[in-house]
Amino acid sequence: MPKRVDHAERRTEIAEALVRVAGRRGLHAVGMREVAAEAGVSLRLVQYYFQTKEKLLLFGLELLAERFGERVSARVRAAGDGPGPRAMVEALLMAALPTDDESRTFHHLYTSYAVLAVNDPALAAQPFIKNPDAAEDALTELLRQAQEAALLEPGVDARLEAAGLLAMSAGLGTGVLVGQRSPESATTVLSHHLDRIFRTGDAVLT
């Protein structure tokens with residue numbers, strides 16, 4: 001009896017091969033042939049599952065986004081039972097910083113995809129982020145929870161602070177990626193700004 005193929009698993013394996021190749025060579029240098037070789041499958045099979053390079057890249061980014069969510073969840077769990085709003089905010093912001101191989105690849109590929117999409121209509125046509133406001137909405141809600149619990153300084157605009165913190169995290173991440181600053185320096189900057197808006201400044205990013 002022929003072995004039953006798990007198509008979802010096969011697609012994931014190919015996407016993981018894409019991430020590995022892109023992590024080594026850069027997203028701009030990745031082709032379907034290189035991904036097939038990395039995954040140990042035929043080019044025809046990669047084309048069967050993804051049809052175009054753009055669809056393969058998008059699926060790879062979706063995989064990275066899923067892994068990012070897992071990183072955030074792991075940091076929240078590490079904060080203990082019933083972590084407060086600040087711990088949740090820290091988990092979200094710190095998970096995005098490129099502090100290890102996995103997070104460096106995540107930041108590198110996401111940034112590279114955005115840059116490539118600026119001049120590539122085929123890439124730009126793909127839904128780069130299904131819900132571009134998801135992270136901002138989540139962070140805004142956490143800050144509003146902190147506000148309701150009187151944990152924020154008076155006059156804080158939760159939506160504006162969320163947008164600013166995310167932009168800051170992205171910029172700091174790029175700085176770490178290119179060697180302009182250390183992960184410790186990036187963490188210190190984020191901690192400083194959280195101390196500015198939270199009443200309790202004794203929590204430290206780790």
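This protein has ten helices and zero strands. Helices here are DSSP runs of H or I of at least four residues, strands are runs of E of at least two, and both are numbered from the N terminus. Written from the N terminus on, the elements read α-α-α-α-α-α-α-α-α-α.

A word on where this comes from. This is a predicted model, in which local features need pLDDT of at least 70 and side-chain atom pairs count only at pLDDT 80 or more, while totals for chains, interfaces and linings use all residues. Residues are numbered from 1 along each chain as its sequence is written, and side-chain values use heavy atoms, with hydrogens and water left out.

pLDDT is the predictor's confidence in each residue, from 0 to 100. The protein has a mean pLDDT of 85, with 91% of its residues at 70 or more. In residues 201-206 the pLDDT falls below 50, and this stretch has 15 contacts in the model beyond near neighbours in sequence. Contact means heavy atoms within 4.5 Å.

Next, the overall picture. Along the principal axes, the C-alpha atoms fill a box of roughly 65 × 40 × 30 Å. Of the 206 residues, 37% count as buried. Buried means under 20% relative accessible area, exposed means over 50%, and partly exposed is in between, with a 1.4 Å probe and protein chains only. Among contacts with a separation of 6 or more, 64% are between residues 24 or more positions apart.

Let me start at helix 1, residues 7-25. Its 19 residues reach 27 Å from first C-alpha to last, close to the 27 Å expected at 1.5 Å a residue; the expected span is 1.5 Å times one less than the number of residues. At the N-terminal end, Asp6 caps the helix, with a side-chain oxygen 3.2 Å from the backbone nitrogen of Ala8. After helix 1 comes Gly26, with a positive phi near 95°.

Which residues of helix 1 are buried? They are Ile14, Ala15, Ala17, Leu18, Val19, Val21 and Ala22. An α-helix has 3.6 residues a turn, so residues three or four places apart point the same way. The cover over the buried residues of helix 1 includes helix 2 (32-39), helix 3 (43-50), helix 4 (53-78) and helix 6 (101-119).

Two records apply to this part of the chain. UniProt, in an unreviewed entry, lists "domain: HTH tetR-type" for residues 8-68. That span is 82% helix and 0% strand, and its end C-alpha atoms lie 19 Å apart. The UniProt annotation "DNA-binding region", also from an unreviewed entry, covers residues 31-50. There the end C-alpha atoms are 12 Å apart, and the span is 80% helix and 0% strand. UniProt positions are in the numbering used here, feature names are shortened, and annotations may be inferred rather than shown by experiment.

Gln51 has a positive phi of about 60° although it is not a glycine. With a relative accessible area of 45%, Gln51 is partly exposed.

Now the core. A nonpolar core is a set of buried Ala, Val, Leu, Ile, Met, Phe, Trp, Tyr and Cys residues joined through side-chain atoms within 4.5 Å. The largest one has 55 residues, and those with the most contacts inside it are Phe50, Leu56, Val89, Leu143 and Phe198. Helix 4 gives the largest share of this core, ten residues. Beyond four places in sequence, Val89 is in contact with Leu139, Leu142, Leu143, Leu194 and Phe198.

Last, helix 8 and what follows. Thr140 is in helix 8. Is Thr140 buried or exposed? Thr140 is buried, because its relative accessible area is 0%. Outside four places in sequence, Thr140 is in contact with Ala158, Arg159 and Ala162.

Arg144 also lies in helix 8, residues 134-148. Arg144 counts as partly exposed, at 38% relative accessibility. Not counting residues up to four places away, Arg144 touches Ala158 and Arg159.

The loop between helix 8 and helix 9 (158-177) holds Val156. Val156 counts as buried at 13% relative accessibility. Leaving aside neighbours within four places, Val156 is in contact with Gln147, Glu161 and Ile197. Ala150 is found in the loop between helix 8 and helix 9, and its phi is positive, near 60°, in a residue other than glycine.

Key
Polar contact = N/O pair within 3.5 Å; in protein donor to acceptor, adjacent residues only side chain to side chain.
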